[in-house]
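Student: Please take one part of this model and go through it closely. I would like to see how that part sits among the rest.

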Amino acid sequence: MPEDITSRLDTLRGRQLTAWQSGEWLQVESLIQSEGELLTDDEVLELIYVEIMLRSEHGDACAIDEYLRRFPQFTESLRRLFAIHQALEANS
């Protein structure tokens, strides 16, 4: 991944984490809107996964149906992402 994309993604993930740590459940859509540039599909999927992880850490159950409604353009990717997440959760 090019350095500028990595840096941008690190910044966005940092904003997500900081917001959640301060009690603001910042959704990916809000984060995307605040970003001046268009994000790649991979960047959006990364931010979605960070949100899922943060929600899990805060005891909030994540349902795939919610994410499929919010991000219908990523149906197949979200199905894979949730399968991986469930497998990881089962092993921890």
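Tutor: Helices here are DSSP runs of H or I with at least four residues, and strands are runs of E with at least two; both are numbered from the N terminus. By that rule Arg70 lies in helix 4, and this residue is the place to start. The model is predicted, so local features need pLDDT of at least 70 and side-chain atom pairs count only at pLDDT 80 or more, while totals for chains, interfaces and linings use all residues. Residues are numbered from 1 along each chain as its sequence is written, and side-chain values use heavy atoms, with hydrogens and water left out.

Arg70 counts as buried because its relative accessibility is 17%. Buried means under 20% relative accessible area, exposed means over 50%, and partly exposed is in between, with a 1.4 Å probe and protein chains only.

Next come its partners. Leaving aside neighbours within four places in sequence, Arg70 is in contact (heavy atoms within 4.5 Å) with Gln27, Val28, Glu29, Glu51 and Arg55. With Glu29 there is also a polar contact of 2.7 Å between the side chains. A polar contact is a pair of N or O atoms within 3.5 Å; within protein, one must be able to donate a hydrogen and the other to accept it, and residues adjacent in sequence count only if both atoms are side-chain atoms.

Helix 3 has 17 residues and spans 24 Å from its first C-alpha to its last, close to the expected 24 Å. That expected span is 1.5 Å times one less than the number of residues. Just after helix 3, Gly59 has a positive phi of about 80 degrees.

In soluble globular proteins, nonpolar side chains tend to be buried together.

For contrast, take Arg79, which lies in helix 5. Arg79 counts as partly exposed because its relative accessibility is 43%. Its C-alpha is 19 Å from that of Glu29, the residue that joins Arg70 in the polar contact.
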